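Hello,

Here is the structure I promised to send over.

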Amino acid sequence: MKSFIQLFLIMLFPFTLAAQELKFSTEILKWPNGKKAAISMTYDDGTYNQFKIALPIMEEFDMRGTFYINTGEIPGHKQEARFLGRNPLEIISETAQIPTSEENLFERASLIRFLDMPGAVSYHDRAGAAFEQGRKETAFQLIDEGFAKAREWNVTKLKAPQIIDGPMIGWEELKTYAARGHEFGVHTISHPRLAVLDEENLLFELEKCAEDIERELGRKFLFSAECPFGTENERVMEYALHLFPATRNRMPETWLEEINRSGRFDPKNDYGTEYVQWQRGPLSQTSPELMNSWVDDILTRDDTWLVLVFHGIEGIGWEAIPESRIRDYFQYIASKSEDLWVATFADVTKYLRQRMSSKIQLKASPGSLEISLQSNLDPYWYDQVLYLKTYLPDSWTNVQILQGGELSGFELGKDVNGKFVSYPYFPQKGNVIIHSQ
């Protein structure tokens, strides 16, 4: 009789455990702490008042920003912008006999911005804009016009283009901002139209900017880049996405709908993707009401990441926005903090990619559940804390959560699917174990 009971219990136990396991399930929350949307404050060019005015206001509201910097303008930079290629005088001479065409545009557009003459950078910028808009003949004409001026004025010298007027923040000060949690990223040495640079000059602008940032701030600030003028040129993106894990210009993910600054976002539209990234660029005349409406729109959904692109602040930089409007706007965003996750471009990118690439594995035993996440992402870059939600059996009235042998904080809750705990998951600390007590 005793042996029969033992056999019966042995047979019963697996079925009892299996029934219990059916009540376990774990998901990675769409946003940290169950927020409804994300916002990233990003800044281009690294102009003075971004750091002296906008950054302190962000910190008042416990926000951190992303700054894409042109290293050639920073005092103490090592890498100077320069033209790489054939003898410039030889190229200038050739322009008198050979018109600009697709065969020579990139070389000439790379050189023209370095010619020591008025309007050199403007010829480059306007030709680059025309080229990206598909107006190639206009681009050719602008380059020819610029070199005709160079020949007329007998230009023989080159100089590095100066893009930004006014004072610039030095590396030591930038280091203090980086230590306080702000992100820095590549924005090239000297802000060219990368789409009309030849390969050698294009790579020089990206790679040497990255070298200065890595030397001064560290490799972790090479995660994201922004190629100037918001270019989405396919050739440029191929180079940039090979060099950096992410760019603000493009994030080619199957699970992400990208809406750039010229695109239209419809809050009621089903985009058919897990996430939507919506970029907006506030300008000097953008009304506070419109800026606030962007925040309101994303809070009508649970899938949208608003990426704000700022340039000038309080009189310094392109399309400078007054300090009062910046303060009011950041205060408005902070007032929605219960539902909004405000984080750097890198942190949001990492969270989304880690969530979408991670496979959850559960291992249950009487009184405990072990949870592990597996991903093929590079652990050097992808170290963002994820937030998990685990449904538990009703019988688990008291629980304890550990990761890496340390107790972890959690929140208990209940919804239509049952009782759950939500808690942080640190990728470098190993598996999570939930104990029923």
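**Notes on the helices**

Keep in mind that this is a predicted model. H8 itself covers residues 199-217, and its 19 residues reach 27 Å from first C-alpha to last, close to the 27 Å expected. Its buried residues include Leu-202, Leu-203, Phe-204, Leu-206, Ile-213 and Leu-217, but also Asn-201, Glu-205, Asp-212 and Glu-216. What do the buried residues of H8 pack against? Their partners are strands E3 (65-69) and E4 (183-186), together with helices H4 (105-112), H7 (171-179) and H9 (234-243).

Next come two helix pairs. H5 (residues 120-132) and H6 (residues 136-152) pack at about 165°, with axes 7 Å apart. Since angles over 145 degrees count that way, H5 is roughly antiparallel to H6. Their crossing is left-handed. On the H5 side the contact involves Tyr-123, Arg-126, Ala-127, Ala-130 and Phe-131, and on the H6 side the residues include Leu-142, Ile-143, Glu-145 and Lys-149. By class, this contact has seven nonpolar, two polar and four charged residues.

In the other pair, the axes of H10 (residues 288-298) and H11 (residues 323-334) come within 10 Å and cross at roughly 25°, so these helices are roughly parallel to each other. Here the crossing is right-handed. Pro-288, Met-291, Asn-292, Trp-294, Val-295 and Asp-296 of H10 meet Arg-325, Tyr-329, Tyr-332 and Ile-333 of H11. That contact has seven nonpolar, one polar and two charged residues.

Best wishes

Conventions: Residues are numbered from 1 along each chain as its sequence is written. This is a predicted model: local features need pLDDT of at least 70, side-chain atom pairs count only at pLDDT 80 or more; totals for chains, interfaces and linings use all residues. Side-chain values use heavy atoms; hydrogens and water are left out. Helices (H or I, at least four residues) and strands (E, at least two) are DSSP runs, numbered from the N terminus. The expected span of a helix is 1.5 Å times one less than its number of residues. Buried means under 20% relative accessible area, exposed over 50%, partly exposed in between (1.4 Å probe, protein chains only). Contact means heavy atoms within 4.5 Å. Axes are lines fitted to C-alpha atoms, for helices over the stretch in contact, and angles run from 0 to 180 degrees between N-to-C directions. Angles under 35 degrees count as roughly parallel, over 145 as roughly antiparallel, 65 to 115 as roughly perpendicular and the rest as oblique. A crossing is left-handed if the near helix is turned anticlockwise from the far one by less than a right angle, and right-handed if clockwise. Ala, Val, Leu, Ile, Met, Phe, Trp, Tyr, Cys and Pro count as nonpolar, Asp, Glu, Lys and Arg as charged, and the others, Gly among them, as polar.
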